[in-house]
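Please read the points below alongside the model.

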Amino acid sequence: MIAFRPDDCLILVADDLAQNLQVLGSLLDSAGYATTFATSGTQAIERAKTARPDLILLDLMMPGIDGLQTCAALKQEPQTCKIPIIFITASHDKDRVLDAFELGAVDYVTKPFESKELLARVKTHLELKRAKDELERALAEVERLAITDPLTGLFNRRYLYAIGEQEFERTCRYGAPFCVLMLDLDRFKTINDTYGHAVGDEVLRSTARCLRQTLRQSDVVGRFGGEEFLAILPSTPLAQAVTVAQRLRKAITRYSFSSCDRVTASFGVATYRPGDRSFESTVKRADDALYQAKREGRDRVCTCGDCAAILSFPPPIIAVENS
Ligand SMILES: [Mg+2]
């Protein structure tokens, strides 16, 4: 954890009395903090949104929108809801301090305040906020790693199934079927045997890059395992999914893999069918179509089923019976 430095922290002070602002401002200034000010609740909300302070010192009693209403508004806005708020209260406001905590304030100081105490509370809450942010970042990273294939940076199989089941549910409920596109690099074992595993890994990473660049924003693509990749295409008719697969097939063929010769891939495309029991049913058909593509000579797209309209897409697409 990096050492605490007051000059890295911006504090917003909101108070309707200029004199209070001056006292608090010079105190925070002397401790090394950067400061910004507001003289009303409305101004404090605006200032918090634009300046993104690390902490807010908020006067409880202000004309117009008071401190409590300001706090409530700040906690409702996604940009400002995580900024710690310390209330500045008069001793007779004690009853309302509980309301302040209820609204999400982290602390309060009573006027007339003890300088050292105020600075100690400010520092404590800034440090707490930072620790919390770091924890959130670490947690987000753990979550990211849990759904990511480490070699390619694409989603992993577990995440593909999670998204796939969601798509399955969505299609069952609202229609507009999804498609599954499965691809397998042709003769990948030969690449590994000829050039070594480091080159094999580079081919997988390049394929991942090519997939990301070629697929649409709404498509979800991941590494299914080994040299096999799977993409989920939400709300996409089969013919369109085949077009996407053909585009990918060509992109991979043309992609300049820095460390080895031409790479090709075989594709299996399948769509959701009414009566499917789970996402897995569609995956199974895409897998069958993929193996058909392999059997028919590789570097091609196959579908599993009877979509006559797509048979005209070059190169030959072999429709196979559902096995
Ligand atoms: Mg006041």
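1. Of the 323 residues in the protein, 35% are buried (20 or more other C-beta atoms within 10 Å of the residue's own, with C-beta atoms placed from the backbone). This is a predicted model, in which local features need pLDDT of at least 70 and side-chain atom pairs count only at pLDDT 80 or more, while totals for chains, interfaces and linings use all residues. Residues are numbered from 1 along each chain as its sequence is written.

2. The radius of gyration is 30 Å, whereas a compact globule of 323 residues would have one near 20 Å (taken over C-alpha atoms; the globule rule is 2.2 Å times the number of residues to the power 0.38). Along the principal axes, the C-alpha atoms fill a box of roughly 85 × 45 × 25 Å.

3. Domain 1 covers 6-144 and domain 2 covers 157-320, with bounds from an automatic or database domain assignment. Their C-alpha centres are 52 Å apart.

4. Ten helices and eleven strands make up the secondary structure (DSSP runs numbered from the N terminus: H or I of at least four residues for helices, E of at least two for strands).

5. Helix α7 (residues 188-195) and helix α8 (residues 197-214) have axes that come within 6 Å and cross at roughly 140° (lines fitted to C-alpha atoms over the stretch in contact, with angles from 0 to 180 degrees between N-to-C directions). Phe188, Ile191, Asn192 and Tyr195 of α7 meet His197, Val199, Gly200 and Val203 of α8, a contact being C-beta atoms, placed from the backbone, within 7 Å.

Key: Contact = placed C-beta atoms within 7 Å. Buried ≥ 20, exposed ≤ 12 C-beta atoms within 10 Å, placed from the backbone.
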